[in-house]
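Hi everyone, thanks for coming. Have a look at the model on the screen, and then I'll walk you through it.

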Amino acid sequence: MALTRREALLASVATTLAAVLPTAGRAAETPKTGGTLTYHLGSEQRILNPALRASTGVYIVSSKIFESLVDLDAEGKPVGVLATSWEAAADGKTVTFRLRDGVTWHDGKPFTSADVAYTALELWKKYLNYGTQLQQYLEAVDTPDPLTAVFRYARPIPTALLLRALADLGYIAPKHLYEGTNVLENPANTAPIGTGPFKFVQYERGQFIVAERNPAYWRKGFPYLDKIVWRVITDKSAASAALETGQIQISTYSSLALADYDRLAKDPRFEISSRGIEANAFNNTLEFNVRRKELADVRVRRAIAHAINVPFFIENFLYGRGKPATGPIPSSSAAFFPGNPPPYPFDVKKSEALLDEAGYKRGAGGVRFTLKLVPIQNGEDVPLLATYIQQSLAKVGIKVEIQLLDIAGALSTVYKDWNFDLATGWHQYRGDPAVSTTVWYRSGSPKGSPWTNQWGWQSDVVDKLIDDAASELDPVKRKALYAEFVAKVNEELPIWLVTERQFIGATWKTVKNHHNQPRWDSSDAHDTWIDA
Amino acid sequence: MRIVLLALRRLAASLPTLLVLLVGLFVLLQFAPGDTVDALMAQMGGGDPAAADELRRFYGLDLSVPVRLGHYLWRLVQLDLGYSAIYGKPVAEVIVERLPPTLLLMGASLAFAFAGGLVLGVFAARKVGRWPDTVLSTLGLIFYATPSFWFGLMGIVLFAVDLGWVPAGGYEEIAGGKTGLARVLDVAWHLALPTLTLALIFLATYLRIMRASMLEVMTLDFVRTARAKGLSGMAVLTRHVLRNALLPMVTLIGLQAGTMLGGSVVVESVFALPGLGRLAYESVVQRDLNTLLGIVFVSALLVIVVNFLVDLLYARLDPRIVS
C-alpha cells in the first residue's frame with residue numbers, strides 16, 4: 001500500500017514538475033507517465049555490465065540500469081550524472097570528482113566514492129575494452145570522503161579527453177557485489193544492479209530482457225516510463241516487421257536492412273534518422289598489409305584509392321546514406337575535424353599512371369598483380385564494398401581474390417595471422433581520436449589486437465604526433481596536432497578510410513523526448529515517454 | 001522384455017556413433033579460424049591483447065587441443081556438458097531452456113506435415129492422373145521448392161503486418177504474466193505461422209511418398225483378393241492398403257526428425273523463436289564449442305530416441321519385421 005501511494009505521489013510530482021518547468025527547446029507537450037518502451041536487440045550480449053564491456057550492444061540495455069560519472073548534454077558537452085562537478089590540477093595529473101549525494105544502488109545500499117575507486121581500478125583499468133587504454137596511466141583513486149574521488153595519473157591527461165571518454169567508459173558498478181569475486185563470472189553481470197532510472201527484472205535468453213521503473217531514482221519524478229523491454233530479433237527483415245506491427249518501437253545503431261530504412265522513411269509513423277546517434281560515426285575502411293611488396297610502395301596504395309568511385313558506391317549500395325571520408329577524424333567531430341577534402345578522388349587515369357610509375361606494368365590478360373582481400377563483416381555493406389573494390393581494381397589491372405570468412409575468422413586471419421593483402425571493414429570513431437582511432441596508426445600494438453595497426457607500417461613522425469596529442473592539455477594545440485596527424489596519415493595512407501557514415505535509428509513517432517543528445521541510445525532515457 | 005532388449009541393442013550401437021560425432025565436430029571446429037575470444041572482441045568492438053589473453057585463460061583456451069578434448073570427454077562421462085561462453089551459465093541449463101520451443105515447433109510441424117501428407121496423398125492416389133492429382137502435386141512441389149525464410153517472411157508480411165491476425169514473431173507475449181490455458185493459447189497463437197511455414201515445406205515430401213506408395217500397394221495381389229472377397233472400397237483402403245502404404249511414411253519421420261532440428265534455424269531466426277537451431281547457429285558464429293557440442297549431443301539423443309520409436313512402430317505395422 002505504501003508503495004502504491006509513493007508511486008502515485010511520484011507520478012503527480014512528475015506531472016507538476018513538467019507543467020511548472022517547461023524545458024527550453026523541447027516540444028511543449030505534457031509528458032505522460034507510464035507505458036512500456038520496447039527496443040530491438042539485434043544480438044545478445046554475454047555480459048550486461050558497461051564497466052566491463054564497452055560496446056553499443058551492451059549500452060543499449062545497460063545504460064538504463066547503470067549510470068556513468070558523466071553523460072553528454074544536447075550540445076554534446078559533458079554533464080554530470082553520478083559526478084556533480086570536477087576539477088583538474090594544473091599539471092593535468094590529478095582530477096577530482098565530487099559525487100552526487102543520496103544515490104542508492106537498486107539493492108538499497110548507498111553509492112559512494114568507494115564504488116568509483118573500485119570500478120576504476122579493478123574493472124576499467126583491468127578489463128574494460130578501451131578503458132584499459134584510457135586508464136593505463138591511472139595510478140590510484142583516493143577517497144578522502146564518501147562523496148569525493150581523486151584520480152591520480154602518472155602522466156597528464158587532457159580533461160576534455162577524459163570527460164568525453166567517460167560518457168562511454170565511466171559507468172560505475174557496485175563494489176559490494178564485485179569485490180573479492182571473479183568479476184567475469186559474477187552473476188550480477190547478467191542480472192545487473194545499478195543506480196539508474198530502471199531496475200533489472202528478467203532476462204529470458206534468446207527472447208527478451210525486462211527492466212522496470214526505479215521508484216527510488218535520484219532524479220525526482222523520473223523516469224516517465226513504467227517499463228523497458230528489449231526484444232531479441234536477429235533477423236533484420238523480421239525486425240522490420242516487428243517495428244511495423246508495433247512489437248518494437250525503436251531499432252537503432254543500423255540494425256535493420258539498408259533497403260528497409262529507405263522504405264520505412266516513407267511511412268509517416270516512423271522517424272528514420274541519425275539524430276541522437278552522432279557521437280558514434282563510422283567509416284568503411286581499406287586496410288593495406290604493407291609487408292606485401294607491391295603495397296609497401298605508397299604510390300600503389302594511392303593508386304588503389306584513386307581507382308574506387310566512392311560517391312557511386314554510396315549512392316548505389318548505401319542508398320545515399322554516407323559521404324566520402326576525409327581521413328581518420330570524421331567531419332561530425334567538431335572538436336577535432338581539420339576541414340580537409342577527401343584526399344583521393346576517383347581518377348582512373350591517375351591510378352593507372354601511378355601503377356605504371358611504380359613499375360607494375362600490365363602483364364598477361366592485362367593483369368599487373370593479384371591481391372587477397374579479406375572482408376571483416378561488421379555490416380551488410382562490407383561484402384558489397386569488397387565486391388565493388390574487386391570490380392574497380394580489375395579495371396586498373398589489379399586482380400583481387402576475396403576470402404569470405406565470418407567475423408571471428410576474419411579478425412584472427414587479419415590481425416593475428418597477418419594473412420591478408422587487403423582487408424575491408426569498419427572503423428568506429430568514439431568521440432575523441434585518442435580513444436578509438438590513433439591505435440589504428442600507432443606502432444607497437446601487440447600482434448593479435450583487433451582493429452589496431454597490424455599493417456607492418458610504422459612512422460616515427462606519426463607515433464610522436466599521437467603521443468604528444470594524447471597528453472596535450474591545451475585544446476587548441478591538441479586540435480592542431482591532430483590536424484597534422486590527419487595530413488600525415490592521409491599522405492602515407494597505411495589504411496584508407498573510404499566512406500564516412502552515421503548509424504541510423506528507426507523510432508515510432510509516438511515515442512517522445514527520444515534522441516535528444518548525441519549518444520541517446522547509449523544513455524538512460526529517464527525523460528522519455530510514450531504518447532499512447 | 002523384447003522391447004527392452006531392442007532398446008539396449010540400439011543404444012549400444014549408437015554410442016560409438018555419438019562419440020565419433022562429438023570428437024569429429026570438436027576437431028573440425030579447431031580448423032575454423034578464430035576462437036570465442038575473437039568473436040567476443042568482434043562483439044565488443046575491440047580490446048587490447050592483455051585482456052584477450054586473460055579471457056582466453058578464463059575460457060580455458062590457453063590449453064592444447066588434445067588436453068581440452070580430454071577434459072571435455074571426461075566431463076561428458078560425468079554427464080557434465082560444461083559452461084556456455086555466450087550465456088555464462090551451464091550448457092545443460094541453456095539447452096533445457098531452449099528445448100520446449102524447439103520440440104513444440106518440431107512436433108507440431110511434423111504432425112501437421114504427416115497428417116496432411118497422408119490425407120492428401122491418399123486423395124491424390126485415388127484421383128491419379130486427373131486434375132486434383134495434378135493440382136496437389138504441383139502445389140506440393142511449389143512449397144517444397146520455396147526457401148523457408150522467404151516463405152516465412154511473406155507469411156509475416158501478409159498475416160502479421162498487413163492483416164494483423166498473428167504476431168510478427170516471438171514465442172509468447174513478453175512478461176504477459178499469463179498462466180494455464182491462457183498461456184497455452186498465447187503460445188499457440190505465436191507458433192501458428194512458424195509451424196505452418198515449416199510444415200508446408202515438409203508436406204510435399206510426405207504427400208509424394210504417400211501417393212507413390214498407395215499406387216504401388218493398390219496393384220498388389222492381396223488387394224485384388226480383398227476386393228474379390230467383396231469388401232467395400234473403404235474397408236480395402238483402410239485395412240489393407242493404408243496399413244502397408246504407411247511403412248515408407250514412418251521411415252521418413254525417423255529420417256526427418258534430425259533434419260527438422262537443423263531446418264528450424266531459419267524459421268527460428270525469422271520468427272525470433274528461442275529454439276535450438278538458432279542457438280546452434282549462434283554458437284558457431286561465437287565459436288562457443290561447449291554449447292555447440294551440447295546441442296549436437298542432445299540432438300543426437302533425440303534422433304536416437306525417435307528412431308527407436310519408429311522401430312517400435314514398424315513392428316506394430318508389419319509383424320514380419322520382428323519375427
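**A walk through chains B and A**

Let's start with chain B, whose elements from the N terminus on read α-α-α-α-α-α-α-α-α-α-α-α. That is 12 helices and zero strands, where helices (H or I, at least four residues) and strands (E, at least two) are DSSP runs, numbered from the N terminus.

Before going further, some housekeeping. This is a predicted model, in which local features need pLDDT of at least 70 and side-chain atom pairs count only at pLDDT 80 or more, while totals for chains, interfaces and linings use all residues. Residues are numbered from 1 along each chain as its sequence is written, and chains are lettered from A and ligands numbered from 1 in the order in which they are written.

Back to chain B. Its C-alpha trace spans about 85 × 55 × 40 Å along its principal axes. How many residues of each are in contact? Five residues of domain 1 of chain B meet five residues of domain 2 of chain B, and contact here means C-beta atoms, placed from the backbone, within 7 Å. On the domain 1 side of chain B, the residues are two nonpolar, two polar and one charged. For those classes, Ala, Val, Leu, Ile, Met, Phe, Trp, Tyr, Cys and Pro count as nonpolar, Asp, Glu, Lys and Arg as charged, and the others, Gly among them, as polar.

Now the annotation. An unreviewed UniProt entry labels residues 103-123, 135-161, 187-209, 246-272 and 292-314 of chain B "transmembrane region". UniProt positions are given in the numbering used here, feature names are shortened, and annotations may be inferred rather than shown by experiment. What does the model have at those positions? Residues 103-123 of chain B are 100% helix and 0% strand, with end C-alpha atoms 29 Å apart. Residues 187-209 of chain B are also 100% helix and 0% strand, and there the end C-alpha atoms are 32 Å apart.

One helix pair is worth a stop. In chain B, the axes of α5 (residues 91-126) and α11 (residues 276-285) come within 8 Å and cross at roughly 130°. Axes are lines fitted to C-alpha atoms, for helices over the stretch in contact, and angles run from 0 to 180 degrees between N-to-C directions. α5(B) and α11(B) are therefore oblique to each other; under 35 degrees counts as roughly parallel, over 145 as roughly antiparallel, 65 to 115 as roughly perpendicular and the rest as oblique. Arg98(B), Leu99(B) and Thr102(B) of α5(B) make the contact with Leu276(B), Gly277(B) and Leu279(B) of α11(B).

On to chain A. Here we find an open sheet of four strands in the order β4-β5-β7-β6, with antiparallel pairing; strands pair if DSSP finds at least two bridges between them. β4 (83-88) and β6 (138-145) of chain A are the edge strands, each with a single partner, so one side of each has no neighbour in the sheet. From one strand to the next, the twist averages 20°. Inside the sheet, five bridges link β5 (residues 94-99) and β7 (residues 148-153) of chain A, and Val95(A) stands opposite Phe151(A) in β7(A). Helix α3 (residues 113-124) of chain A packs on the sheet, touching β5, β6 and β7 of chain A, and its direction makes about 175° with that of β6(A). A hairpin through two residues connects β6(A) to β7(A), and Leu138(A) stands opposite Tyr153(A) in β7(A).

Finally, how do the two chains meet? 46 residues of chain A are in contact with 45 residues of chain B. Which element of chain A gives the most to that side? That is α14(A), with six residues. By class, the side of chain A that touches chain B has 18 nonpolar, 21 polar and seven charged residues.

That's my tour; over to you.

Key: Contact = placed C-beta atoms within 7 Å.
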